[in-house]
Amino acid sequence: MGVKTFAAIDVGSFELTMKIFEFSGKNNMREIERINKRIDLGSDTFAHGKISREKMDELCRTLKEFAEVCRAYKVDAYKAYGTSAIRETENSIVVQDQIAQRTGIRLEVLSNSEQRFLDYKSIASRGESFRRIIEEKTAILDIGGGSIQLSLFDNDTLVSTQNIRLGVLRIQDYLSRFDARAGRREGIIDEMVLAQLENYKKLYLKDREIRNLIIVDDYISPWAVKTMGKDNAAAVLKEDEFEKLMEKLRTRSAAQISDSMGIPEEKVPLVFISAILIRRIAGLMGVENIWAPGVTLCDGIAYEYAEKIKMFQGEHDFEQDIIACAMNISKRYMGSRKRAETLENITTTIFDSMKKVHGLGKRQRLYLRLAAILHDCGKYISMVNIGTTSYNIIMATEIIGLSHMEREIVANVVRFNHSRFTYYGQQDGVQGLDRESYLTVGKLTAILRLANGLDRSHKQKMRGLKAALKDNRLILTVDTQEDITLEKGFFEAKAEFFQEVFSVEPVLKQWKSL
Amino acid sequence: MGEIDFCDPKYYTNRELSWILFDHRVLNEARDKNIPLFERLKFLSITASNLDEFFMIRVASLKDMVNARYGKPDIAGMTPAEQLAALDTAIHELVELQYSTYNRSLVPKLRQNGLQIIGRHEDLTREEAEFADKYFAENVYPVLTPMAVDSSRPFPLIRNKTLNIAALVHKKNSREELEFATVQVPGVLSRIVQLPSGNKGKKVILLEEIIERNMHKLFLNYDIVCAHPFRIMRNADLTIEEDEAADLLKEIEKQLKKRQWGQAIRLEVEEGCDRRLLKIIKDELHMEEQNIYAIDGPLDLTVLMKLYGMEGFEHLKAPGYTPQPVPELPSGCKIFDRIRKKDILLHHPYQTFEPVVEFIRQAARDPEVLAIKQTLYRVSGNSPIIAALAQAAENGKQVTVLVELKARFDEEHNIVWARMLEKAGCHVIYGLVGLKTHSKITLVVRREEDGIRRYVHLGTGNYNDATAKLYTDIGLLTCSEYIGEDATAVFNMLSGYSEPLMWNRLSLAPLWLKDRFLQLIRRERKYAQEGRPARIIAKMNALCDRDIIAALYQASAAGVKIDLIVRGICCLKVGIPGVSENITVRSIVGNFLEHSRIFYFENDEHYEIYCGSADWMPRNLERRVEILFPVEKPELKEELLHILQSQLRDNVKASVLGPSGAYEKVSRRGKSRFQSQEAFCLEAVEKARAAVEAEAHMTRTFVPETHHETGVIG
């Protein structure tokens with residue numbers, strides 16, 4: 001039987017969701033089960049930093065039931081991810097371990113950018129509708145319990161993404177602490193949102209006009225899908241329709257709203273907050289259309305799995321998004337685009353010629369490109385400690401599509417490009433990277449350093465660089481008329497580390513074609 | 001003329017009084033000379049057991065309200081006290097009619113047909129009396145517990161619904177005052193005692209008469225002054241009937257002290273009972289005059305059901321009917337394959353319930369089946385369904401069963417087999433807090449070549465193979481993806497998970513069902529207003545939801561033609577000018593209990609037809625989990641429409657509600673006799689026969705087996 005069954009479990013801040021999917025043939029995916037259970041983990045975590053015992057019991061009980069359902073469907077694989085409520089718990093590893101012991105489910109914690117990337121993937125998986133929408137200037141607003149994520153598109157490529165701590169549950173938590181009267185709530189939320197968004201606008205939006213806003217949330221989206229029908233492409237709200245909805249939310253009682261929107265009453269305040277967020281942000285951007293495709297994290301988890309087992313091939317080039325994001329960061333910190341391109345060119349040329357030696361893959365090649373693009377972003381802050389400042393900038397900037405660990409790899413490659421390499425296990429070595437990743441960092445650093453040496457003068461003399469691996473030598477041939485004495489000198493200095501890592505001696509040759 | 005207020009109480013009938021009319025219609029069957037004599041006994045017996053239940057549930061509830069000083073008027077504007085007053089009169093009339101039917105029609109008729117019931121032990125011949133006394137000494141005396149009342153012994157507890165004999169006694173040879181004594185007629189012995197009668201037909205006497213005759217043997221030191229049977233009904237042990245408003249519950253909680261638990265609410269005594277004796281009973285039990293029923297005949301007519309079972313009178317009973325095989329599902333077929341071919345409609349009891357049992361049995365054995373989920377409301381003892389579910393769990397399938405413990409009177413029974421299912425490894429859900437699960441749905445999840453496929457059975461009747469032989473119900477077997485998704489969502493909700501984003505086909509009470517019905521009714525109204533064809537035909541057991549009735553009135557006023565087939569309670573009034581002139585109501589009371597709920601909406605000539613578990617009652621629409629499902633395949637829709645049309649044509653068993661509020665049998669006016677239940681029986685037989693013939697025809701060609709089946713189903 002060519003059918004694969006997969007369970008995606010999302011331990012969210014407000015509810016637990018499990019969806020079971022069936023994959024039969026390429027790009028043929030069917031949701032066969034969806035279970036939601038409302039467990040408000042977020043309010044525990046956001047207020048006290050820990051999940052209470054009662055909630056923990058309920059969580060385990062539900063996950064156990066989920067496991068039962070998985071067993072009944074004989075699922076081939078599952079992925080269980082925890083999001084902000086689990087991530088922000090002080091004792092998240094204890095929580096994870098308890099869940100594993102009590103339910104047999106291995107719960108992994110998603111970093112924010114991983115989570116948003118999955119959401120993003122699930123939107124992108126909507127294919128045609130998605131492509132059509134991002135042809136125009138578009139933003140994605142991903143509303144979570146703890147925070148929201150704003151991502152911008154330019155020329156159908158994602159160019160920036162920013163996390164803002166304005167999650168629906170967090171706002172509700174604030175509101176309850178301020179003891180806000182019902183009539184004042186909207187004003188207070190508006191103020192909170194505006195304060196944060198003003199900065200965002202200055203930094204990212206500038207004069208950009210956005211036409212479309214794509215919404216990912218668990219509050220407005222279900223209603224939108226319900227009213228607009230299952231055909232996701234149709235779930236587009238015009239600005240004025242959204243105003244009507246707002247009016248309804250403002251004037252009616254929770255019971256009436258629950259009734260007319262077909263949502264549980266306890267969810268009504270959250271829908272209200274979500275709606276205010278959407279309205280504010282849409283207003284700020286001058287958005288005309290709001291698209292709520294109704295995708296959830298579970299869909300994203302399933303797509304990721306489907307890609308892995310080669311049952312799904314999306315059309316959108318996510319790697320391009322990541323590169324574009326990196327370019328944008330570099331631009332913000334006054335990096336030279338030309339130099340970045342040259343460096344990227346050289347590094348990839350070397351990387352590709354060394355495949356047999358380094359044994360790294362496509363993903364690592366991406367890290368290298370990112371490192372090349374971001375290699376000196378720290379200059380913006382200090383010309384002396386470029387290594388450390390670059391590292392800090394990269395670690396503090398989200399790049400959608402990269403996991404935390406991946407970001408760590410890229411940032412360290414950039415750091416070691418400038419400073420002494422510390423080895424795995426050494427006292428001042430990098431924390432939080434496993435052996436494998438550490439090795440990757442070493443290898444990529446070696447390549448980046450070599451490439452950096454080749455472009456020392458920042459004059460891009462190395463156009464038409466060719467690389468060939470012969471025995472234990474990497475022959476790099478430059479086709480240039482210019483003097484490359486400086487490069488040669490630095491090259492030899494950098495070659496040492498390269499030799500150490502790969503046991504390959506790099507040799508630079510100049511070939512002056514006429 | 002001002003705007004009509006369709007909610008005006010004057011447009012509504014009180015539901016209790018409407019129920020009395022229903023029992024009258026059943027009683028009419030007992031009075032119908034065209035019906036075989038023993039069937040008439042059965043109907044009379046049913047009126048009696050109906051009335052008992054009515055007392056315990058409805059009258060008791062009204063008494064509670066009065067005790068709690070709850071005065072909110074009902075749909076027809078009557079306060080509980082007013083309702084009780086009206087009921088007293090109506091019930092007395094009903095009881096009188098029951099006994100005049102018994103005494104004047106049935107007893108003489110029985111005697112003519114060779115069954116003599118001796119009403120009074122005084123009428124026994126000497127030999128018969130000797131037999132009776134001997135019977136008493138050997139069989140009855142050992143199980144009796146006589147109780148006397150004097151200053152040292154309090155008045156004994158008289159159990160609810162039991163038959164007792166009360167006596168006035170005084171000490172032998174003394175002039176002391178009269179004392180009260182009582183003895184319960186034991187329920188373990190047959191109440192009908194057959195007397196030796198040679199070959200001149202059969203003769204029976206009731207057990208209480210034999211005991212009464214031998215009272216003196218129970219109280220040896222006393223003289224018996226008089227002895228009479230009596231029976232009481234209490235509102236003991238009953239929780240507040242869920243039909244009432246929630247504010248009533250609060251009210252009663254507040255007034256809990258005032259509520260007299262176990263209060264006797266009805267006393268039946270033999271007519272001509274000694275007045276001194278009656279006074280003692282009345283005072284001790286705090287009976288009010290209007291709640292005392294002087295009965296001219298045997299108390300508790302449910303005994304007639306036992307009489308029905310007597311051998312030797314088969315010619316006086318309706319010929320039995322065997323539910324017919326379903327042509328689409330011949331025995332031994334692979335049910336899943338058949339359902340995959342097309343949706344299958346089942347019409348019970350005309351067609352056998354066996355395929356439904358078989359559906360679950362095959363699911364239990366099928367290695368490709370992953371899960372079985374089912375709601376169970378009332379099941380038969382020894383249910384084959386329960387056995388199959390247990391088997392499935394043992395075979396490693398995920399089995400989820402929702403067992404409704406709140407099914408009236410069935411609680412204990414249900415707990416036993418629910419525990420058994422749990423032991424077998426089923427996941428058992430014991431109902432939902434605050435809601436009764438009344439829906440009838442089974443979901444089978446099967447893993448097939450091209451992925452998961454869901455098979456669903458939806459019904460209007462309980463998964464009870466015994467009642468499926470008596471109740472008319474509709475079942476649908478389908479593997480429609482839409483319904484399958486909805487069914488999964490239903491069970492997820494029953495398991496405590498959130499509602500799905502949307503429902504494809506099913507409508508669920510208490511969430512959306514009422515709105516859905518109102519929408520459907522309003523849509524017809526809209527069409528009528530636009531001058532397009534608009535019609536509603538709805539068949540159900542009871543109609544008493546104010547919102548629905550008001551919507552029907554509005555629709556009728558707009559010109560929608562509405563035909564209702566309501567077996568029991570109907571709070572809607574017909575023939576009110578400007579309100580309900582376009583509405584007809586008929587009730588069919590026949591050999592089978594009409595139980596299916598079918599709803600037809602014309603929808604501008606694209607008619608839609610739905611079946612479901614819910615009546616148009618507030619309790620069904622608001623406080624129960626119910627499912628309404630559309631039947632969409634054209635040929636099945638036609639079948640359902642045919643059922644409705646046949647019932648509208650019925651001129652034998654149908655009674656029509658008139659503007660006066662009374663029901664009358666349909667006048668035939670020269671039309672030929674048409675009885676829908678009978679017609680359905682014939683149709684089912686014909687269909688089954690045609691299928692057998694077609695099959696026989698088919699098998700004239702041989703089909704070589706091309707591969708060895710490794711399937712499971714034999």
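## Helix packing in chain A

A crossing of two helices is right-handed if the near helix is turned clockwise from the far one by less than a right angle. In this predicted model, α7(A) passes α8(A) in such a right-handed crossing. Helix α7 of chain A covers residues 168-178 and helix α8 of chain A covers residues 182-205.

On the α7(A) side, the contact is made by Ile171(A), Leu175(A) and Phe178(A). α8(A) contributes Arg185(A), Ile188(A), Ile189(A) and Met192(A). Of the residues in this contact, six are nonpolar, one is charged and none is polar.

## Domains of chain A

Chain A is divided into domain 1 (3-111), domain 2 (126-294) and domain 3 (318-510). Taken over C-alpha atoms, the centres of domain 1 of chain A and domain 3 of chain A are separated by 38 Å.

## Domains of chain B

In chain B, the division gives domain 1 (9-316), domain 2 (335-505) and domain 3 (509-692). A distance of 36 Å lies between the C-alpha centres of domain 1 of chain B and domain 3 of chain B.

These two domains touch: 15 residues of domain 1 of chain B are in contact with 18 residues of domain 3 of chain B. The side of domain 1 of chain B that touches domain 3 of chain B consists of eight nonpolar, five charged and two polar residues.

Notes. Residues are numbered from 1 along each chain as its sequence is written. Chains are lettered from A and ligands numbered from 1 in the order in which they are written. This is a predicted model: local features need pLDDT of at least 70, side-chain atom pairs count only at pLDDT 80 or more; totals for chains, interfaces and linings use all residues. Axes are lines fitted to C-alpha atoms, for helices over the stretch in contact, and angles run from 0 to 180 degrees between N-to-C directions. Helices (H or I, at least four residues) and strands (E, at least two) are DSSP runs, numbered from the N terminus. Two residues are in contact if their C-beta atoms, placed from the backbone, lie within 7 Å. Ala, Val, Leu, Ile, Met, Phe, Trp, Tyr, Cys and Pro count as nonpolar, Asp, Glu, Lys and Arg as charged, and the others, Gly among them, as polar. Domain bounds come from an automatic or database domain assignment.
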